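Work through the exercises below with the sequence and the 3D structure in view. Each task is followed by a solution in steps.

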Amino acid sequence: MSGVTFGVLGPLVAGGEGGPIDLKGPRHRAVLARLLVAGGRVVPVSRLIDDLWTVPPGNALGAVQTFVGALRKALEPDRPPRTPARLLVTAAPGYAIRTDPANVDAWRFEAAVRAAAGAPSAAAFERLDEALGWWRGPAYAEFADEGWARGEALRLDGLRLLAVERRAEAALATGRAALAVPDLEGHVKEHPRREDGWRLLALALYRTGRQADALAALRQARDYLDAELGLDPTEGLRRLESDILRQSPGLLAGAPAAAEAPAAPAPAERVFVGRAAELAELERSAGAAVAAGRPVLALVSGDAGAGKTALTETLAERLEARGWTTRRGIGGETYGEGAEEGADPAEARFRRHRAVAARLAGRTLLVLDDLHWAGEETLALMTALAADPAAGPVLIVGTYRSTEVPAVLTEALGRAARAEPVRIYLTGLAEREVAALAGAMSDTQVTPEEARRIHRRSGGNPFFVRELTRLLDAGGALDEVPAGVRDVVRRRLGRLPERARTVLRQAAVVGDDVDLDVLIPLAGDEDTVLDAAEEALLGGFLAEPDADRLRFAHALVREVLYDEVPRARRARWHARIAEILEDAHPGRIEPIAHHLVQAGSRATAARAARYARAAAERAERRVAPHEAARWWRAAADAEDDARLRLEATMGLVRALAVTGDLDGARRLRADATAAAERLGDPLLTARVIGSFDVPANWTTTDDPALSAGIAAAAERTLAALPAGHDAERARLLATVALELRADAGPRGGEAAAEAEEIARGLADPALLAFALNARYLQSFRRAGLAPERARIGAELAGLAAAHGLATFEVLGHLILVQAHAALADLTAADEHAATADRLAERYELPLVGVFTAWYAALRQAVSGRTAEAEDAYRRAAARLAGSGMPGVEDGMLPLALLSLRLQDGTPPADLAGLDFGPYEAWARPLILAAQGRDGEARAAAAAVPESPRDLLFEARTCLHLRSATDPATRRRLRDELRPAAGELAGAGSGMVTFGPVAGHLDEAGHPDEDAPA
């Protein structure tokens, strides 16, 4: 290790050659900890702001920059001025820690645990013992309540527990069993769910000559698992207990330890949501028992994990609040009190039942859990009490798994039918209830999308919901199967015959919904499939929506089965399913494509590419860009033909751009264009370049070098394109116009006009929409053209709506927002912003909300609510940060703040330290003047260049007019602004405004006032 070191295995500390480093205040420490949690990855500024504050203050961005600056000085005090930081670095769109992994104790600890896994036992013990000594307390201790730290802290704690167990394993392997016992005793006391801890403790006790204590430890583990989780010990613990009882020689020191047992699922927290109707029905049953003065029987059934116990516990709490007493019996418990030795069995049973009834004095809730495990005595007691009026007001609630009904329970349920029991079946929770349960369980906020995915994957089963939420909290992905869920599902599947499990595995490869006319040909025998389906239905693994289909009850069940199938077999089953679908259902493009892609073989590659391409095109027509991206990527990966692969890549580029991955789209587009030109086919190159018809509404390009390169490639291709390809020519011309949007020359406008003319002649709606987009971006040759842009926007929105071109329809409405804002028709602009938001939500277009959020802030500013507008601008800027649109983002927030200062007459001196980016030259004179630096302000005003002709032309020109002192310059600026006298300066951007242009003209005075004396 060298340089600055960081410690997070306890309270956050940092140290250097001079000793401990002062990390300043709590916010500074939180920034550093947040970056260390990221493990060297970049943390966007917007994420830092969200993590540091529940409600970010108005100066949140500046505050983060201040914290970072102070931390850099503390961490690198000797760094020369104006040299880049080496430790806490700026990396778009935020900050990151760049240091050797050995300099962070958590990273070093993780490396030590990995290294110990492959080391000899003696070395592993020493390494793990040293590494565990680095812990000074809980990981990220002072940030334990912060959502951004919890997942990493939990992960590190899990790694620490693993290290404790591996150190014990190494101690046993090197003859240090006695040394391991005290640590393991504390370990299992604090973490009784970890079965491997119990295994190691029992083994260590046995090797120190404490055989009875070893068996007692295993019994304690068995009791805990049964009482808390309703689980049996794993095979590893059962085998160890058997080996100890027979004193197996394999348990002696030097013999290999038993295989590591999988961790048991965590016990469920006492969180109860939903089940309102079921709870109300049980409470009504309690009332009925009181009214009748006799027992009422209620039977609650459902899958494992459906929440039967939670329901009865909540019922007990409610009834106890009303004076009821609760008695709880577990399935399998024997009620033997009151029996006399040698008595007639029937008489003895009667006496036992009367003795139990006598103890249930007054209003009593008797809960009999897990009747599927109950013996005959418990079941007889239930039915006898239900039929005994002398027992008084007793509510008997029996719970059982509907998928595990043995013969003895079936018989008992038949006898109980005479008592007309209330029957309640617990289905899955609704989506809103899953969201509530996950939110209550999670240490961080569960988003609506995450809640939807948890609901879809869990089927609403509360146990599955809890396990998925824990997985999410620990930093796992929701497409994983939690270990606890996997163990439970495998245990249940183990009860099925092997032939049924095979059919279920084949069904899992078919998908969540399984057509029998696909599964039967795949399995090869109809009777085998139908028999297996019947067993799976009874076991609760499948549902039967109709006579021709099966459906997995839970997505997680299907995934466990799917993962059990070896990859080679899985690939062949996928290929066979695709063949069956092609023969029986050739129009089901997406399922066929899915199975061919999953087959992943050379034999199916060409068909996979063809079907994936067809699926992508269908997704584009439905305006499902995320789905289109998935299929285009699959088509590009499977395609061998270089030309077709390029076309698929450009489809992917379009989809990525629409879904918000602009950086990825730009990189792929540049690569595809270069690859197309290398092939030397102008028509192919034209199609590749022209296929990027993604709507654009901002006049500054995000990557000027890329835009220049694309425009040059398009011009070369135009020159080489054979005659007779008018559509391709129009797309190339529109591309030139789009990419030259920031160019002051005439070529962009000429190309847009020609593209529009060709498109109208061809009567191609999609091509015309593309050309109108190009014309719009070339409609900034002078001030005052908002009415022209409004006409373009109206035509584009109408054309796109009529022909299903959703992304261009959204563009049309965004253009109308900008144009009507410029014309001060805010009512119309509001309507178009609302329409754009509705379309964006319907078609999952995330970037639209970035622009409408800025418009909402502008709206506040125009209404004179500058404080609210500033807060709205800062929130909009956080949303814009990291969106992949640097051409929009750069300098926009400082410019918006300047507009607010000027609007309410506040000197903008407080903005002096902000980065105005491309607007610096126009803002600088005003800020210098506000600081009283008049000479520098006049010099800066004299150096202001001519404004680019773009969305903010009027805004820049008004700022220039405010600071200009040269009479000729002022006359020129007034002349340029006069056509826009009826507009709001800058509002044509839809993001900021400097007020009415007429006001700036009036404030500047009459042109004659600037004439020479």
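The model used here is predicted.

**Exercise 1.** Identify the residues that are linked with Arg-490 in a network of salt bridges.

Solution. Start at Arg-490 and follow the salt bridges: the network also holds Glu-498, Arg-501, Arg-505 and Glu-564. The count for the model comes to 61 salt bridges.

**Exercise 2.** Decide whether Asp-51 and Arg-34 form a salt bridge, and describe where the two residues lie.

Solution. Step 1: the cut-off for a salt bridge is 4 Å between a side-chain nitrogen of Lys or Arg and a carboxyl oxygen of Asp or Glu. Step 2: the closest N and O atoms of Asp-51 and Arg-34 are 2.5 Å apart, and the two form a salt bridge. Step 3: Asp-51 belongs to helix α2 (residues 45-52) and Arg-34 to helix α1 (residues 26-37), so the pair ties together parts that are 17 residues apart in sequence. Step 4: buried means under 20% relative accessible area. Asp-51 has 18% relative accessibility, so this residue counts as buried. Arg-34 has 10%, so this residue counts as buried too.

**Exercise 3.** Describe the salt bridge of Asp-183 and Arg-167, and classify each residue as buried, partly exposed or exposed.

Solution. Step 1: the side chains meet at 3.2 Å, N to O. Step 2: Asp-183 lies in helix α7 (residues 177-190) and Arg-167 in helix α6 (residues 147-173), and the pair links distant parts of the chain, 16 residues apart. Step 3: with a relative accessible area of 41%, Asp-183 is partly exposed. Arg-167, with 14%, is buried.

**Exercise 4.** Which residues have the most contacts inside the largest nonpolar core?

Solution. Step 1: this core has 203 residues, and those with the most contacts inside it are Leu-504, Phe-552, Trp-698, Trp-854, Tyr-873 and Met-892. Step 2: take Phe-552 and leave aside its neighbours within four places in sequence; its contacts then include Leu-504, Ala-507, Phe-541, Val-557 and Leu-561. Step 3: a second, separate core has 84 residues, among them Leu-75, Trp-107, Val-164 and Ala-177.

**Exercise 5.** Give the strand order of the open sheet and find its edge strands.

Solution. Step 1: three strands form the sheet in the order β1-β2-β3, with antiparallel pairing. Step 2: β1 (5-7) and β3 (19-20) each pair on one side only, and these are the edge strands. Step 3: three bridges join β1 to β2 (residues 13-16). Thr-5 has Gly-15 in β2 as its bridge partner.

**Exercise 6.** Describe two of the aromatic pairs in the model, of which there are six.

Solution. Step 1: Phe-463 and Phe-464 form a tilted pair, 5.9 Å centre to centre with 55° between the planes. Phe-463 is buried at 17% relative accessibility, and Phe-464 is buried at 2%. Step 2: Trp-854 and Tyr-873 form another tilted pair, 5.4 Å centre to centre with 50° between the planes. Trp-854 is in helix α38 (residues 848-862) and Tyr-873 in helix α39 (residues 866-880), so this pair ties together parts that are 19 residues apart in sequence. Both Trp-854 and Tyr-873 are buried.

**Exercise 7.** Which ring does the charged end of Arg-630 sit over?

Solution. The charged end of Arg-630 sits over the ring of Trp-631, 4.6 Å from its centre. In another case, Arg-160 lies over the face of Trp-135, at 5.7 Å from the ring centre.

Terms used
Residues are numbered from 1 along each chain as its sequence is written. This is a predicted model: local features need pLDDT of at least 70, side-chain atom pairs count only at pLDDT 80 or more; totals for chains, interfaces and linings use all residues. Side-chain values use heavy atoms; hydrogens and water are left out. Helices (H or I, at least four residues) and strands (E, at least two) are DSSP runs, numbered from the N terminus. Buried means under 20% relative accessible area, exposed over 50%, partly exposed in between (1.4 Å probe, protein chains only). A nonpolar core is a set of buried Ala, Val, Leu, Ile, Met, Phe, Trp, Tyr and Cys residues joined through side-chain atoms within 4.5 Å. Contact means heavy atoms within 4.5 Å. Two strands pair if DSSP finds at least two bridges between them. Rings of Phe, Tyr and Trp (its six-membered ring) pair if their centres lie within 6.5 Å; planes under 30 degrees apart count as stacked, over 60 as edge-to-face and the rest as tilted. A charge sits over a ring if NZ of Lys or CZ of Arg is within 6 Å of the ring centre and within 35 degrees of the ring normal.
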